[in-house]
Amino acid sequence: MLYMHVMDRQGLAAAHNAGRQDVVDSHVASVARECRDDLLETAVVLDALALCHGHGSYLPRPYQETSTPVPTDVELRTDASDVADQLVHHDQQHATSTTGNIPGGLEDGCTDSDRDAVRAYARREWITRQERWPGI
């Protein structure tokens, strides 16, 4: 796998040096799709774990560390929404949404419903991916 990665990078450098912008653009698009898949899969796994712990609140944004331990369910929900937010930003930037209706990204002071919305978006994206490309 490492060898393939090195060879891909060499091919990309050669295409760039040869002025083959079409090859460079194609490679960049491929990397963006791989990044999106990683974000989507991570968001869905964290969301599933969080759902196993029930519904509830999130940590505030921005979060300041304290000496008080954070309950696991709150931390899982917060992590799930933060990764789903990264998916939202990726889809906004690269126009890679398969369902449309991308929610706004999370900002400091966001509400629990904002966090619920980005998690729901990741779930919809996953379901659509599974329906369109089963087995991937």
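A residue is called buried under 20% relative accessible area, exposed over 50%, and partly exposed in between (1.4 Å probe, protein chains only). At 57% relative accessibility, A18 therefore counts as exposed. A18 is found in the loop between helix 1 and helix 2; helices here are DSSP runs (H or I, at least four residues), numbered from the N terminus. A18 and L106 are 88 residues apart in sequence, and their C-alpha atoms are 41 Å apart in space.

This is a predicted model, in which local features need pLDDT of at least 70 and side-chain atom pairs count only at pLDDT 80 or more, while totals for chains, interfaces and linings use all residues. Residues are numbered from 1 along each chain as its sequence is written, and side-chain values use heavy atoms, with hydrogens and water left out.

**Helix 1 and helix 2**

Helix 1 covers residues 2-17, and helix 2 covers residues 21-52. Their axes come within 8 Å and cross at roughly 145°; axes are lines fitted to C-alpha atoms, for helices over the stretch in contact, and angles run from 0 to 180 degrees between N-to-C directions. The crossing is left-handed, a term used if the near helix is turned anticlockwise from the far one by less than a right angle. On the helix 1 side, D8, R9, L12, A15 and H16 meet V23, V24 and H27 of helix 2, where contact means heavy atoms within 4.5 Å.

M7 also belongs to helix 1. With L2, Y3 and V6, M7 forms a nonpolar patch on the surface, and together the four have about 430 Å² of accessible area. Such a patch is made of residues with over 30% relative accessible area and no salt bridge, nonpolar side chains (Val, Leu, Ile, Met, Phe, Trp, Tyr) being joined within 5 Å. Accessible areas come from the Shrake-Rupley method with a 1.4 Å probe. M7 counts as partly exposed because its relative accessibility is 35%.

**Salt bridges**

The structure holds eleven salt bridges, each a side-chain nitrogen of Lys or Arg within 4 Å of a carboxyl oxygen of Asp or Glu. Three of them are described here. E125 and R36 meet at 2.3 Å, N to O. E125 lies in helix 4 (residues 112-132) and R36 in helix 2, so this pair ties together parts that are 89 residues apart in sequence. Both E125 and R36 are buried.

D47 bridges to R119, with the closest N and O atoms 2.5 Å apart. D47 lies in helix 2 and R119 in helix 4, so parts 72 residues apart in sequence are tied together. Both D47 and R119 are buried.

The side chain of D47 also meets that of R123 at 2.4 Å, N to O. R123 lies in helix 4, so its pairing with D47 in helix 2 ties together parts 76 residues apart in sequence. R123 is partly exposed at 30% relative accessible area, whereas D47 is buried at 3%. Elsewhere, salt bridges that share partners join R61, D82, D85 and R115 into one network.

**Backbone in the loops**

The peptide bond from R61 to P62 is cis, with omega near 0°. P62 sits in the loop between helix 2 and helix 3 (72-94). Two residues other than glycine with positive phi are tabulated below.

| Residue | Phi | Place | Relative accessibility |

Technical notes:
Patch = residues over 30% accessible without salt bridge, like charges linked within 9 Å, V, L, I, M, F, W, Y side chains within 5 Å. Helix = DSSP H or I, 4+ residues; strand = E, 2+ residues; numbered from the N terminus.
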